Amino acid sequence: MNTHEQQRISEFSYDLPDEKIAKYPLLQRDMSKLLVYKSDEIIDGKFQNCVDFLPENSLLIFNNTRVIHARIVLHKATGAQIEIFCLEPIAPANYEENFASHNECTWQCIVGNAKKWKDETLHINCIIRNRQIQFSATKQSANETGFCIRFSWSGGVSFSEILEVIGQIPIPPYLNRNSEESDLQHYQTTYAKHEGSVAAPTAGLHFTPAIFEKLENCSMQRAEVTLHVGAGTFKPVKTELYTDHAMHHEFCTVPRSLIETLAQHSGARIAVGTTSVRTLESLYWLGVKLCENPKVSIDELTQWEAYSLPQNISLADSMSALLKYCIQYNICELRFYTQIMIVPGYTLRVITGLFTNFHQPQSTLLLLISAFIGEKWKTLYEYALAHNYRFLSYGDSSLLMPRY
């Protein structure tokens with residue numbers, strides 16, 4: 001990749017006292033505070049009034065992924081507790097097919113207390129739809145990420161139903177508490193549709209039906225993408241140079257209708273959350289790849305690929321190339337994996353505004369924020385800390401619009 005002026009992750013640190021981390025959400029989603037950054041000015045607002053700060057004819061893009069009950073706790077005959085954290089499907093590899101499986105499936109997982117789990121198969125019994133179900137887990141091969149785990153069960157119910165009953169919602173580790181009944185509702189956006197995430201796209205947690213009604217009344221456009229958020233979103237950058245960090249890959253889906261919209265939309269393009277940013281920016285680079293070679297594979301964008309591709313392709317030309325591809329292969333939605341890492345020096349090609357919460361020090365998400373608004377991130381975070389904004393997943397929101 002290209003050399004950047006700032007490569008040391010230590011440059012993206014700040015003091016985050018524990019009391020500034022929101023351990024629980026507000027009872028009413030849209031009552032959170034909203035820090036607005038526009039025209040080089042910081043404005044204190046309420047999220048319920050967020051529509052008032054948006055430019056006319058804005059297009060808002062949401063990530064409609066749904067958080068699964070990814071944490072499964074099983075016990076050995078000795079009583080030892082084994083915790084299985086489902087990361088992504090292996091067989092079937094397709095998310096929808098995997099969740100619809102009715103007797104077995106395989107997942108890539110992180111295993112807690114793995115040293116005590118040898119070769120035995122672990123079991124748990126439950127009742128689903130008045131049926132007695134025996135669920136089993138068998139540890140197979142180990143790899144860099146964790147383990148390949150084969151799940152099997154009786155009763156003819158789907159794996160999705162199994163997880164809903166025996167799994168736990170995987171709230172972020174920095175909350176330092178167990179998940180509770182209230183998290184089932186609060187750690188999920190109101191518009192979540194497609195199962196697959198092990199972490200919520202938290203910028204969207206603030207949106208309510210009342211907000212959506214305001215957007216509609218103001219003739220704001222809405223669109224949705226899907227990026228299944230992986231556990232890597234919580235993975236800290238432990239390398240001295242952030243360019244040495246290995247970025248996680250995530251599965252994305254973008255409808256053809258959004259590509260058509262992006263090809264002609266002239267107003268502001270506001271991403272709701274960093275996951276929407278990663279999806280949209282990756283989409284742009286897939287179009288650039290097609291501009292270079294119409295026959296190239298666009299099922300993946302690797303970590304630093306964007307930095308070596310041509311930098312002079314317009315958004316309209318990129319979307320046009322993608323539309324031609326969709327028409328040629330009769331595709332209604334593009335499906336691909338992205339590993340893109342957005343760092344200072346990167347120029348965002350699709351979004352012009354961003355709703356996002358306040359992120360952890362030395363995180364890839366903070367690097368993305370810096371790429372978007374530059375060194376101003378330090379001023380915003382200092383302001384938020386001094387004015388009692390709540391940080392991280394269950395915290396307050398910000399609306400960043402540096403061009404307006």
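## The largest pocket

In this predicted model, strand β6 is the top contributor to the lining of the largest pocket, giving five residues.

How much space lies in the largest pocket? About 860 Å³. Its lining is made of 38 residues, and if you want to find the middle, look for Leu87, Ile110, Thr145, Ala231 and Gly232, which lie nearest the centre. Sort the lining by class and you get 18 nonpolar, 13 polar and seven charged residues.

## The second largest pocket

Next comes the second largest pocket, with a volume of about 320 Å³. Here 26 residues do the lining, and Tyr174, Thr233, Phe234, His359 and Leu365 are the ones nearest the centre. Two or more lining residues come from each of α6 (274-292) and β18 (353-357).

What classes of residue make up this second lining? It has 13 nonpolar and twelve polar residues, plus one charged residue.

## One side of helix α5

Now for a helix. α5 runs through residues 256-264, and its buried residues are Leu258, Ile259 and Leu262. Why do these three end up on the same side of α5? Because they cover an arc of only 105° around the axis.

How values were computed:
Residues numbered from 1 in each chain as written. Predicted model: local features only at pLDDT ≥ 70, side-chain atom pairs only at ≥ 80, totals over all residues. Heavy atoms only, no water. Buried < 20%, exposed > 50% of the residue type's maximum accessible area, 1.4 Å probe, protein only. Helix = DSSP H or I, 4+ residues; strand = E, 2+ residues; numbered from the N terminus. Arc of directions from axis to C-beta. 1 Å grid on protein atoms, 1.4 Å probe; cavity = no way out; pocket = protein on both sides within 12 Å on 5 of 7 lines; lining within 4 Å. Points joined across faces, edges and corners; volume = space filled by probe spheres on them. Nonpolar A, V, L, I, M, F, W, Y, C, P; charged D, E, K, R; others polar.
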